[in-house]
Amino acid sequence: MTAGQAIKYPRRRLVRGLLRGISSALIHTLSKLELVGREHVPLTGKVILAANHFDFVDPALVLYASPRMVEFIGGANRPNSPGWAQQIPKAWGFIPAYRGGFSRSTFDLSLSVLEQGGVLGVFPEGGSWANLLRPARPGLPFIAEKSGASVVPVSISGAENVLGGPRRTLAIRFHPSVAPPTIDKGSPRRAQLDAYGENIMSMIASGLPDAQRGRFSSDPDARAAALAISDFPFHGEDLRGG
């Protein structure tokens, strides 16, 4: 166990079972679900699920789609999520991330889950301020390296259309797992971690519509749009802590 903070894995089984049941009913009522690649999630042992984050409903989608219980890293403050929707992650329980800087408590709690052979859910982009793929923040590669956990990339498309309209296709795709990064001491560590994050994002992009693939899109206009919104917007003091 880590020297810092820790949480027991798994936890809140009754509440989470109820929430998964409710999520299942809503997802199948409001969308035409395509769920692919669940076999890529190992049935035992530590693993990180890394998904794109275009809409506030994404956590509920991954929690439902995963064949195993997930402990999620989520923003301690979620400015892009309506008030009613913020009650769901509170009921589920999540690992709070204090955006805009390094959070020791987030790191310690994440490692504690993985050290118990658990499943950690991460949104590498760090927020849902756009519906185009953005670069990975440093947290995912850092946690993968320190924990030695493999990463399963997850592509979510159509989530932004689930609420407020006719039933539309919602696709959740799990990709083959990627081994944790191995750092070569002959090269800059940060550059190697960034390259690892870039590889994960490229795999996520492969399961998205071309127009939403960000810098991986074949459309130069889409690549330019992704570059324009790629800067991390959560730097306010009210988002820091931990």
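Strands β3 and β4 pair in the parallel sense over three bridges, two strands being taken as paired if DSSP finds at least two bridges between them. Helices (H or I, at least four residues) and strands (E, at least two) are DSSP runs, numbered from the N terminus. The structure is a predicted model, in which local features need pLDDT of at least 70 and side-chain atom pairs count only at pLDDT 80 or more, while totals for chains, interfaces and linings use all residues. Residues are numbered from 1 along each chain as its sequence is written, and side-chain values use heavy atoms, with hydrogens and water left out.

Six of the six residues of β3 are buried, where buried means under 20% relative accessible area, exposed over 50%, and partly exposed in between (1.4 Å probe, protein chains only). V70, F72 and G74 point one way from the strand, and E71, I73 and G75 point the other way.

These pairings belong to an open sheet of seven strands with mixed pairing, in the order β1-β7-β6-β2-β5-β3-β4. Its edge strands, β1 (31-36) and β4 (95-97), each pair on one side only. From one strand to the next, the twist averages 20 degrees. Strands of a sheet pair through backbone hydrogen bonds, either parallel or antiparallel. Strand β2 (residues 47-51) and strand β6 (residues 150-157) pair in the parallel sense over five bridges, and L49 has V152 of β6 as its bridge partner.

Helix α6 lies across β2 and β6 and runs at about 40 degrees to β6; axes are lines fitted to C-alpha atoms, for helices over the stretch in contact, and angles run from 0 to 180 degrees between N-to-C directions. H175 is found in the loop between β7 (168-174) and α6 (189-206). With a relative accessible area of 11%, H175 is buried. Its contacts (heavy atoms within 4.5 Å), leaving aside neighbours within four places in sequence, are with H40, V152, P153, V154, S155, M203, I204, S206 and G207. The side chain of H175 reaches the backbone oxygen of M203 at 3.3 Å.

S218 has its place in the loop between α6 and α7 (220-228). This residue counts as exposed because its relative accessibility is 57%. Apart from neighbours within four places in sequence, S218 is in contact with D210 and R223. The side chains of S218 and D210 are joined by a polar contact of 2.7 Å; such a contact is a pair of N or O atoms within 3.5 Å, and within protein one must be able to donate a hydrogen and the other to accept it, residues adjacent in sequence counting only if both atoms are side-chain atoms.

Helix α4 (residues 104-115) packs against helix α5 (residues 139-147) at an angle of about 45 degrees, with the axes 10 Å apart. The two helices are therefore oblique to each other. At this packing, F107, S110, L111 and L114 in α4 meet F142, I143, K146 and S147 in α5. Angles under 35 degrees count as roughly parallel, over 145 as roughly antiparallel, 65 to 115 as roughly perpendicular and the rest as oblique.

Helix α2 (residues 58-65) is largely enclosed by the rest of the structure, because six of its eight residues are buried. The buried residues in α2 are D58, L61, V62, L63, Y64 and A65.
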